[in-house]
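Let's take a walk through this one together. Have the model open and follow along.

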Amino acid sequence: MEFSFMYKEGGAHPDEQKGFTDSKPIIDASVPKLMAYPIAMHIGAPAAPIVEVGDQVKVGQMIAKEGGFVSAHVYSSVSGEVVAIEKRAQAGGGEVDSIIVKNDYAYTRAEPIVKPGYSSETSNKEIIDTIRKAGIVGMGGASFPAAVKLAPPEEAKIDTIILNGAECEPYSTSDHRVMLEYTDEIIKGIDIVSQLYPDLKNIYIGIEDNKKDVKEVLEKATAANKKVAVQTLKAMYPQGSEKNLIKSLTGREVQPGELPADVHVILLNVSSARAVYHACELGEPLIERVISVSGAPVKNPQNLKVRIGTPMESVIDDCEGFSEIPGKVLSGGPMMGGAVGDLSVPISKGMTAISVLTRKEAQIEEPENCIMCSECLHVCPVSLQPILISEAFERGDIEKAEKLGAMDCIECGNCSFICPSKIPLLENIRGAKAAIQARQEG
């Protein structure tokens, strides 16, 4: 994949590769016989299964209950029988306890999680409780529980909401199509969230300048709301990262260790806003999402509306499979996505795309010694020193890696891509973050 870097902005302009799917309407994915629901599709404590093997479940029935304050419920997206609770491969690597449901194809629906019909009389507590009950997480990839994110301390005095439509990963067009095809649902979701913040002054919808069709649609849909501004940003990676987007739209900087709420901002992905609408207005939990399946080896790349729990191999079959042996299949985009070796991995709440690379694109060059060019420092969007963190990790000096700010890395991958010595900087920094977290947890 070709790259050019924008040093002043601390970002890159990768070959977008969005032409495979950006003009393709969203279509419904097939639903296979067996669905798998990992109990940890989110940041925080895993959910706890509340069903047993042999139980009958319905569409929208809770099957795993949140495991703590920072956690999220899990719901079945089909009706049928629980046939196993066992460890299965997950998108982030390793295995996790998963609830396996045999689809009966009756699609019998459970009762709504709340009485359908949101109104302005709905209290803020009821809105947050409904979002929590729905199991909504950040659907742009972060997977942080939305109910926690949207309820910062009162002293945060949120005055700005940012709707994140800056889909900067190559290949992925799921947010693009969601903004075009579910515009009204997204705007209604933002209207509901807006009620939570009495000091609210501005609502920015951030999109990149390669989505002109979206800008026109959103401006028309929000014309009556004077607080809303649709802001076009330069197409740049990682424009959609939380800190970058806040700085680009408000000029405010989120310092290391701070959260967006510390600068009076709440940031929400477009699909998360749509999920808020479905929960509060229709009483529906989070059981589906839109993903892109793209890349040169895919015979017929598509944007698909997929029931959560559907194995990746099923959605790839919906795209007519591969035209050549792929070099790598990624959960997500090529910059931040993780390689998947087992296509039985299910679609999870935070999965935006399946990107498939050719063998040439996936080729990994042998690393060489650092030539001290400092290029990784220049392209880091959060002003870290990636090579020093990487070296500290390789030495086993985790304390040093932490002091250098490893936990502030947003894992955009710019450093690894620009490194002329092909040092696996991102891989090492991820390793350092995991080691720091393990040490903090004792």
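Which helix does Cys376 lie in? Cys376 sits in α9, residues 375-379 (helices are DSSP runs of H or I, at least four residues, numbered from the N terminus). Keep in mind that this is a predicted model, where local features need pLDDT of at least 70, side-chain atom pairs count only at pLDDT 80 or more, and totals for chains, interfaces and linings use all residues. Residues are numbered from 1 along each chain as its sequence is written, and side-chain values use heavy atoms, with hydrogens and water left out.

Cys376 counts as buried because its relative accessibility is 7% (buried means under 20% relative accessible area, with a 1.4 Å probe and protein chains only). Skipping residues up to four places away in sequence, Cys376 touches Pro386, Ile387, Cys415, Ile418 and Leu425 (contact means heavy atoms within 4.5 Å).

Now for the record. An unreviewed UniProt entry lists Cys370, Cys373, Cys376 and Cys419 under "binding site"; such annotations may be inferred rather than shown by experiment.

On to the packing. The largest nonpolar core has 64 residues (a core being buried Ala, Val, Leu, Ile, Met, Phe, Trp, Tyr and Cys residues joined through side-chain atoms within 4.5 Å). Helix α7, residues 270-282, gives the most to this core, with six residues. Leu150 is one of the residues with the most contacts inside the core; beyond its neighbours within four places in sequence, Leu150 meets residues including Ile128, Val193 and Leu268.

Technical notes
Helices (H or I, at least four residues) and strands (E, at least two) are DSSP runs, numbered from the N terminus. Buried means under 20% relative accessible area, exposed over 50%, partly exposed in between (1.4 Å probe, protein chains only).
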